[in-house]
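Please examine the sequence and structure shown here before reading the report.

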Amino acid sequence: MSRSKWGARALLLLVALLLVTGCGQQMANQPRVAAYQESDFFDDGSGMRPVPPNTVPQMAGALQEDPVLYTGMTAPDAEGNAGFSQEFPYEMTMEDLERGHERYDIFCAPCHSLDGGGDGMVVRRGYIPAPSLVQQRLLEQPGAYFYNAITNGFGRMPSYAPQISVTDRWAIAAYVKVLQRSQNATPDDVPDGVEPEMKNAETAAETEE
Amino acid sequence: MAQLFPRSANTMARLSIFGGLFTVLLLFGLGFMLTRSPVATREGDQRVQPVQFSHKHHVGDIGIDCRYCHTSVEDSASAGIPPTSTCMNCHSQLFTNSVELEKVVNSWETGEPLEWVRVHDLADYVYFNHSIHVRNGIGCESCHGRVDEMPLMMKAEPLTMEWCLECHRNPENFVRPLEEVYSFGYHPPIDQSVLGPQLVESYNIRGNLDDCAVCHR
């Protein structure tokens, strides 16, 4: 084969390779539907489908048979009276409280503030004032009261059920009880030997007066 | 017979052969650079959104956590885009007569979703999952930049394969303590060269994260 033919082939190969760098990516947009992608297959133009009406859920717990766990209410008694459960539906562990702390800071603190006082950033920007969660009136309320407020909303506060799972709601309720306890703590709550300086500071302040 | 070409034509011929080769290589190089440039990856490009939603206002100024709106980021592949009802949690009472928010209220009343323009869009042949990154101490900031300073959402990183691999080969340069995943402007409390390997160890981050099958499956 002559030299010029080889040259031409080499050039052709180079040009072909060059074209590769400019390939349009058909594979980058495949006909499948990704999360939140639009689709012209359905009338409403949305690729993600809502649950059809009258669907019966079948996962564990989907029937929500435990009233205390799902509603915070005790089952109606003989007279048909139901009320807030005075107990948590399951025992709250330290892990639950830590989870509750984290979730409270995400979902409640924007309005009710980090310490529960009710002066969160969104309220400061003009939202209707959110009540203090650590006020006297709410101290007697059981965890279920707060679970209920998160699940069903309260007055002009909307329900947070779409954003927060059932167990997380209970964890938040438990953490609100922790906040109440901590906001109303006295020096006597400090266990002996844990932080003696704090107790001393308190007595020092008292003797100064 | 008289010579048709002057002697200098030899040099010209050589020059044009090498020059041609050089030009082809240059075009190659340009092609590669172009596909990686912000022009092609649309890095730093702000899109026109249906509502001028500002992460700077909501995250930077009032300090709402990412998970308030992107609720599924810890548990699933997709971070999740908030439904209109999430906006209405606050905006049913707040700035109700703002022009921008009229569109949000409309969407709420008619049930027509707001059609946000996608900013980050990996090719469909790449598998990506948020939860595994977030749970292994990779901060939003490492991939999305200073979201808390963005009046309009934009891509802060190229999201090319090269870029993913930069971290997959050396995750110890990027990992954070879990409580810092959602913070911005984070600085490691101790030297990252000490902290990084410790965290990689404690999260049990595996090696071989640059195997093709990790992302192309």
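## Basis

This is a predicted model in which local features need pLDDT of at least 70 and side-chain atom pairs pLDDT 80 or more, while totals for chains, interfaces and linings use all residues. Residues are numbered from 1 along each chain as written, chains are lettered from A and ligands numbered from 1 in written order, and side-chain values use heavy atoms, without hydrogens and water.

## Interface of chains A and B

Chain A contributes 28 residues to the contact and chain B 29 (contact means heavy atoms within 4.5 Å). About 2,700 Å² is buried between chain A and chain B, 61% of it from carbon and sulfur atoms (accessible area, 1.4 Å probe, lost on being put together and summed over both parts).

Two salt bridges are found across the interface of chain A and chain B (a side-chain nitrogen of Lys or Arg within 4 Å of a carboxyl oxygen of Asp or Glu). A salt bridge joins the side chains of B:E74 and A:R103, at 3.0 Å from N to O.

## Helices 7 and 8 of chain A

The axes of helix 7 (residues 143-152) and helix 8 (residues 166-183) of chain A come within 8 Å and cross at roughly 130° (axes are lines fitted to C-alpha atoms over the stretch in contact, with angles from 0 to 180 degrees between N-to-C directions; helices are DSSP runs of H or I, at least four residues, numbered from the N terminus). Helix 7 of chain A is therefore oblique to helix 8 of chain A (angles under 35 degrees count as roughly parallel, over 145 as roughly antiparallel, 65 to 115 as roughly perpendicular and the rest as oblique).

## Helices 5 and 6 of chain B

In chain B, the axes of helix 5 (residues 84-91) and helix 6 (residues 99-110) come within 10 Å and cross at roughly 120°. Helix 5 of chain B is therefore oblique to helix 6 of chain B.

Notes. Helix = DSSP H or I, 4+ residues; strand = E, 2+ residues; numbered from the N terminus. Buried area = accessible area lost by both parts, 1.4 Å probe.
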